[in-house]
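The following paragraphs lead through the structure shown below, from its helix packing to its individual residues.

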Amino acid sequence: MSELKATIPGGLTAEQVTARYLVREHHPEQGTLLGFWIYLMSDCLIFASLFATYAVLGRNYAGGPTGAELFDLSLIAINTGFLLLSSITFGFAMISAQAKKLGATLGWMGITGLLGLAFLSLEIYEFQHLIHEGAGPQRSGFLTAFFALVGTHGLHVLFGFVWLVTLMFQLKKHGITPENFRRLSCLSLFWHFLDVVWIGVFTFVYLMGVLP
Amino acid sequence: MSDHIHHHEHDHDGHEVYVTHYSAKDYIVGFVLSLVLTAIPFWLVMGNVLPADTTRWVIMGFAAVQVVVQMLYFLHMNSKAEGGWNMMALILTVILLVIVMAGSIWVMHHMNANMMPGMGGASDTTHGTHDMP
């Protein structure tokens, strides 16, 4: 602060002073992360609408199969394990990036990507299986809401995977620069956020779906 | 816990900056807690341990606790992140979320109950409400 007092009379233009105040007074230090957080919150609202839709339509079976008849909970337990594991491996990637260890960062990101891919593969297998059994999204209100909610989450994981692979190439090319670390921090928020949404999915859709 | 996650730094103007510090301990604690909080609901449902109505409330409780655990340990959420603005955005979102979810369920439940005479609102077996005009 003493530096500030000393320099203003010393020849900072009014414009420079204004610019400094505009930046310092109204914006937090890491604006990108705040902006990304607000994007995630808007994503939260999309999921809230889909959860509300599922809550409203989730018992309208139209004479078709119910959740209890369709869902394979051991499959969902394994998938939940994949996603949870990928959360901690991404955490280790962040710790490695923080310590400026490029190789370890890429390694942990690779494992995270494989776990994400495993999650997606199981989900696609489940969807394919359901559609094959005649329980596709057009069968009943329940299945429409189910595919919309779970499918939207799956799409998010897919985009997260694409982002992860892209960032691995960026890191390989440019190293752990401040820009790349910021991108990694945003992806970290995104990836963990998907795990948080999945808690709602496995609880409300799958576990409650098989309860009588 | 905030000691592990954030440490104060000073930029060149002497402003306090909160920098997220990613610690292995936080991730491991968060992971183990999440694992336990996931395993118990799956066990309760798959093993038919409790009556269905009780199970429903218990697993909802476990989900709520796990969301908070992951927010704290994985998303590093606290009142200081980004100068408190993250928390503001979160609070606003939670308010909107409650309005959307509770409002939809409440309105649709009453629509269901009032527009399906003779079915007592429990239209979940043969004739879905979506068949009605």
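At what angle do α8(A) and helix α2 (residues 24–46) of chain B pack, and how far apart are their axes? The angle is about 15° and the axes lie 10 Å apart; axes here are lines fitted to C-alpha atoms, for helices over the stretch in contact, and angles run from 0 to 180 degrees between N-to-C directions. α8(A) is therefore roughly parallel to α2(B), given that angles under 35 degrees count as roughly parallel, over 145 as roughly antiparallel, 65 to 115 as roughly perpendicular and the rest as oblique. Helices (H or I, at least four residues) and strands (E, at least two) are DSSP runs, numbered from the N terminus.

The model is predicted: local features need pLDDT of at least 70 and side-chain atom pairs count only at pLDDT 80 or more, whereas totals for chains, interfaces and linings use all residues. Residues are numbered from 1 along each chain as its sequence is written, chains are lettered from A and ligands numbered from 1 in the order in which they are written, and side-chain values use heavy atoms, with hydrogens and water left out.

The crossing of α8(A) past α2(B) is left-handed, a term that applies if the near helix is turned anticlockwise from the far one by less than a right angle, and right-handed if clockwise. On the α8(A) side, S188(A), H192(A), F202(A), L207(A) and V210(A) meet Y27(B), T38(B), P41(B), F42(B) and V45(B) of α2(B), where contact means heavy atoms within 4.5 Å. By class, the residues of this contact comprise seven nonpolar, three polar and no charged; Ala, Val, Leu, Ile, Met, Phe, Trp, Tyr, Cys and Pro count as nonpolar, Asp, Glu, Lys and Arg as charged, and the others, Gly among them, as polar.

Each of the two helices also packs within its own chain. In chain A, the axes of helix α3 (residues 31–57) and helix α8 (residues 178–210) come within 11 Å and cross at roughly 15°. α3(A) and α8(A) are therefore roughly parallel to each other, and their crossing is right-handed. The contact includes F36(A), L40(A), C44(A), F47(A) and F51(A) from α3(A), and C186(A), L189(A), F193(A), V197(A) and F204(A) from α8(A). In this contact of α3(A) with α8(A), 17 residues are nonpolar, three polar and two charged.

In chain B, α2(B) and α3(B) pack at an angle of about 170°, with their axes 10 Å apart. α2(B) is therefore roughly antiparallel to α3(B), and α2(B) passes α3(B) in a left-handed crossing. Among the residues in contact are L33(B), L37(B) and I40(B) of α2(B), together with I59(B), F62(B) and V65(B) of α3(B). The contact of α2(B) with α3(B) divides into 14 nonpolar, six polar and one charged.

The secondary structure of chain A consists of eight helices and zero strands. Of its 212 residues, 52% count as buried, a label for under 20% relative accessible area, with exposed meaning over 50% and partly exposed in between (1.4 Å probe, protein chains only). Chain B has four helices and two strands, in the order α-β-β-α-α-α from the N terminus on. Buried residues make up 33% of the 133 residues in chain B. For contacts between residues at least 6 apart in sequence, the share joining residues at least 24 apart is 80% in chain A and 37% in chain B.

S140(A) is located in the loop between α6 (102–132) and α7 (141–174) of chain A and is buried, with a relative accessible area of 3%. Its C-alpha atom is 5.4 Å from that of Y61(A), 79 residues apart along the chain. Leaving aside neighbours within four places in sequence, S140(A) is in contact with N60(A), Y61(A) and A62(A). V65(B) belongs to helix α3 (residues 52–73) of chain B and is partly exposed at 43%. V65(B) and G84(B) are 19 residues apart in sequence and 22 Å apart in space, C-alpha to C-alpha.
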